[in-house]
Amino acid sequence: MTGIHLFDSHYGWHDGDLIIMAGETSQGKSTLATTIAKNMAVNGLPVAFYSMEMSAKQLAARIMAGSTLVASSQTLYGKLNDDEYNRMYDTTMSMRDLPIYFDERSKISFMKICASIRKMVKTYGVKVVFIDYLQILANGGRDNREQIIGDMARDLKRLAEELGICIVALSQLARAGGKETNKEPTISRLRGSGQIEEAADIVILIFRPEVYGVKSYSNGVRTEGTAKLYIAKGRNIGLGSEVVRFDGRLSFFADIQKGDPESGWEAQNEKLPF
């Protein structure tokens, strides 16, 4: 279980699954991945996280931000006052034994990551692996880039089935054309390869309307502090979408609760009609 209602209401994620989590730049892919990794680890499920763009220290700061209420940028680069320091210390003590594993030495190649995953499963019993993100691992030339990405997706699917784990790979979406008025993501825009979709069991798309200047959803509710998640492909589980809370400063996603005073959704039903 992920701790996000949309996914858990569709039976959660399972051994052998390859899940692709996709969005344009600055839509919150890494934040959604770290949120779910933390939710799983808190419930005792060992997870591994490989990021091509962030260090283990940066990932840890993001994972702790929602609990400390201190932005990861402040933790890493700023100065903490006494209250912030005490919250950081208490959170560190409470989270230091969470089964979240990083291996920065393996980030140099896709094959190194696959070897590390095997070791993580054998050594720590890891059940879910997050890889951020596919396109940055495809170092071939333009002519064979699509084939490389497709091959990696199929290899990850085979590895998930072989090891009996769930692998979540983040992916970029190509930007919507400048003349397109509808900026909502589509599965056809998976950057680099349609073969990613073929290999995946589940494709999740992330959309933050406020990034594009959209102030409200079709029912008039404001978009500020929210994101819309889609299950755009769901082998054996079906499709769906739901609006959730998004906090970029504290790096987390969460379900919107009825009457949540910070969300502006007080009048909404608990299950939102999106």
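In strand 6, Ile-204 is the bridge partner of Met-21. Strands here are DSSP runs of E with at least two residues, and helices are runs of H or I with at least four residues, both numbered from the N terminus. The model is predicted, so local features need pLDDT of at least 70 and side-chain atom pairs count only at pLDDT 80 or more, while totals for chains, interfaces and linings use all residues. Residues are numbered from 1 along each chain as its sequence is written, and side-chain values use heavy atoms, with hydrogens and water left out.

Strand 1 (residues 18-23) pairs with strand 6 (residues 202-207) in the parallel sense, over four bridges. Two strands count as paired if DSSP finds at least two bridges between them. Strands of a sheet pair through backbone hydrogen bonds, either parallel or antiparallel. Contact means heavy atoms within 4.5 Å.

Met-21 also belongs to the largest nonpolar core, which has 38 residues. A nonpolar core is a set of buried Ala, Val, Leu, Ile, Met, Phe, Trp, Tyr and Cys residues joined through side-chain atoms within 4.5 Å. Buried means under 20% relative accessible area, exposed means over 50%, and partly exposed lies in between (1.4 Å probe, protein chains only). Trp-13, Met-21 and Phe-130 have the most contacts inside this core. Helix 2 (residues 29-42) gives the most to the core, with six residues. Neighbours within four places in sequence aside, the contacts of Trp-13 include Phe-7, Met-21, Ile-36, Phe-130, Val-168 and Ile-204. A second, separate core has 36 residues, among them Leu-18, Ile-20, Tyr-50 and Ala-169.

The whole structure holds 10 salt bridges. A salt bridge is a side-chain nitrogen of Lys or Arg within 4 Å of a carboxyl oxygen of Asp or Glu. One of them joins Arg-118 and Glu-162, with the closest N and O atoms 2.5 Å apart. This pair links distant parts of the chain, 44 residues apart. Arg-118 lies in helix 6 (residues 110-124), and Glu-162 lies in helix 8 (residues 142-163). Arg-118 is partly exposed at 38% relative accessible area, whereas Glu-162 is exposed at 51%.

Arg-154 is partly exposed at 28%, and Asp-151 is partly exposed at 32%.

A further salt bridge joins Asp-201 and Arg-235 (2.9 Å, N to O). Asp-201 sits in the loop between helix 9 (195-199) and strand 6. Arg-235 sits in the loop between strand 7 (226-234) and strand 8 (240-247), 34 residues apart from Asp-201. Asp-201 is buried at 7%, but Arg-235 is partly exposed at 34%. Salt bridges with shared partners join Lys-157, Glu-161, Asp-201 and Arg-235 into one network.
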